[in-house]
Amino acid sequence: MRATWLLALGIAFAIAPIQGVKTIAVSSVEIPREFRRLPRPRARFDSLISSTLRTKGFAVVPREVSESIWLRLRDSIGGYYDTYTGKLIKAKVEAVHMGMLRELHARYAVDAWLHSWIDVVSAPFTGGKVKWHGAEQESGARGGLGGVLFGTKKGSIRALSLYVALEDTVGTELYEGVGGIELGSQIDGGRFVDITPGLLLVDEARNATAVHLALDPLPTRLTSRPGP
Amino acid sequence: MSSARFCCIYFALVALAGARARPSPIKTIALSPVQAPDGLEDPAPASALFDSLLAAELGQAGLTVIPSRETGAIWQHFVDSVQGYYSALTGELVQAKYAAVRTNTLRALRDRFRADAWLRPTIQVVSVRFAGGEAIWDGASEGMGGGSSGATVALSLVVTVSDTAGTDIYIGRGGIQALSKGSNVVDRSKLFRDRKRNLQAVHLAIDSLLARAGRT
């Protein structure tokens, strides 16, 4: 009997959302300009992020909710870009941001908002392997025996990583995570060759791994956060 | 029609076509203020530096230069008339507004100052791939310190010249200096200190223009 209770408690603890954060609102992943014409990777990452959060025990408020609130608030103040420079007006965008968090909390009982973006980063490499943000991939440069015989190349190469940030409903950051996705270039015959944007972000296994790398530490980090 | 008369008409037509195809020579050029990149804490000194270098080199080549303060004031007047040409909602450029500002500025430069051309300089951040420990970009080169190959970022002077009809007739680029070497980011206070490099960037960017205009 006691063992059954302990087992039940153990399972409950493993899948239960973290105290204080039960419901998370998500936004659509922001992707670099060169990939914006490709709707599939964006939808795929959105879906992977939501499903990963659910498996970790969180209730997820879909991206459409936070996005519609954001756009309504943005339009209500006539936009937040300076018409002379095209740059963001920080005070205005912050007003929209905080207004959205307040509304998510009041109308949808949201405890935290998760936003995510994909960035191009510079990943260091030595020889054939590139390791960055938990991911690993062959660079195309010589490594192993070839490196020993002909010299090892080292330097940095273009790569893509997924970043996530979670904040509470007053804008305090609770968590930041990152996971390497894949290389944006390869070394071919001693030269860097960019991979066609259409061929990037389509490897389902790599995308899923990046989401896990970015989100897997989330429950542990939230439980280890000191209380108020 | 006699063959001699036919030949005369033929050569006159060829000469007329040639005159139309050849761009009119540049005598007076309007210089816009140098646009510096966002990352600089205080872009004014860098803008002023390249502004004076460009004005001096163009002047020495025998061109009449309409100073950047005049060109900048005209541009600003037309930007104010449309209350800026970026969208407040998206931050993107509104093409129709931008085109109106550009056309009106060109017209004013031509009518008030008899400008033949308009030169718009920018300092841009460019990504540079390097190998063999040396980065080479836009005609410039610089040692990278550590790391035999990889990617870095650097500054380049880019000039675009339009004729009075608004057609871009020239684009020139000159590398200035690298912004990082290996993992070391160059201190912002040490940028644009090398007078030789600065002047070389100006020459790389405009020498072909001056040669084309028969000014070298």
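Let's start at a turn: Asp138(B) takes a positive phi near 45° in the hairpin of S4(B) and S5(B), where two residues sit between the strands. Helices (H or I, at least four residues) and strands (E, at least two) are DSSP runs here, numbered from the N terminus. This is a predicted model, where local features need pLDDT of at least 70, side-chain atom pairs count only at pLDDT 80 or more, and totals for chains, interfaces and linings use all residues. Residues are numbered from 1 along each chain as its sequence is written, with chains lettered from A and ligands numbered from 1 in the order in which they are written.

| Strand | Partner strand | Bridges |
|---|---|---|
| S4(B), residues 134-137 | S5(B), residues 140-143 | four |
| S3(B), residues 117-130 | S6(B), residues 150-163 | 14 |
| S6(B) | S7(B), residues 168-178 | nine |

S6(B) pairs with S3(B) and also with S7(B). Val128(B) is bridged to Thr152(B) in S6(B), while Ser156(B) finds its partner in Gly175(B) of S7(B). The hairpin of S6(B) and S7(B) has four residues between the strands, and there Gly166(B) takes a positive phi near 90°.

Now for the two chains together. In all, 17 residues of chain A are in contact with 16 residues of chain B, contact meaning C-beta atoms, placed from the backbone, within 7 Å. On the chain A side, strand S6 (residues 154-168) gives the largest share, four residues. That side divides into four nonpolar, eight polar and five charged residues. Ala, Val, Leu, Ile, Met, Phe, Trp, Tyr, Cys and Pro count as nonpolar, Asp, Glu, Lys and Arg as charged, and the others, Gly among them, as polar.

Note on methods: Pairing = 2+ DSSP bridges. Contact = placed C-beta atoms within 7 Å.
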